Amino acid sequence: MDLPPKPPRSRKPREGTGARARTEAEARLAYYHDETARIEQRSVGSEDVVTVTSGPVGALVLIAECARRGVPTSLESRNAGDLPEFPEGAIEARWDANSRARKHSLPFADVVELARYALA
């Protein structure tokens, strides 16, 4: 059975940055009142990665993901300018089914406190 040809890609895949190569990601925006956050979801090997804008709405989205997926195996902050898609900084959570160790350079309680600003 012949399959029809795939349409050309509208976006160039991202190239690796740092020690871990970044793969193509799905991106969307979340809105809450007058604030916006960018959310990216991607898979890297056995890891599922969610990166959100560093701010109250991004933190709120991340907490919703944690309610759905459980506590992430890795939680890190990214400085402003580290990731071109997140010029104001980001919070990155990783869920790895093969990992039992938790690496949280950013305390989860800080994400909760940041999310509370979105609800105030």
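Which strands does α1 lie across, and at about what angle does α1 run to β3? Helix α1 lies across β1, β2, β3, β4 and β5, running at about 155 degrees to β3 (axes are lines fitted to C-alpha atoms, for helices over the stretch in contact, with angles from 0 to 180 degrees between N-to-C directions). Welcome to a predicted model, where local features need pLDDT of at least 70, side-chain atom pairs count only at pLDDT 80 or more, and totals for chains, interfaces and linings use all residues. Residues are numbered from 1 along each chain as its sequence is written, and side-chain values use heavy atoms, leaving out hydrogens and water.

**The sheet**
- Six strands (DSSP E runs of at least two residues; helices are H or I runs of at least four) form an open sheet in the order β1-β2-β3-β5-β4-β6, with mixed pairing.
- At the edges stand β1 and β6, each with a single partner strand, so one side of each has no neighbour in the sheet.
- Strands β4 and β5 pair (pairing takes at least two DSSP bridges) in the antiparallel sense over 5 bridges.
- L75 has A93 of β5 as its bridge partner.

**Helix α1**
- Just after α1, G70 takes a positive phi of about 100 degrees.

**Residue E40**
- E40 is found in strand β2, residues 35-44.
- E40 counts as buried because its relative accessibility is 1%.

How values were computed:
Buried means under 20% relative accessible area, exposed over 50%, partly exposed in between (1.4 Å probe, protein chains only). Contact means heavy atoms within 4.5 Å.
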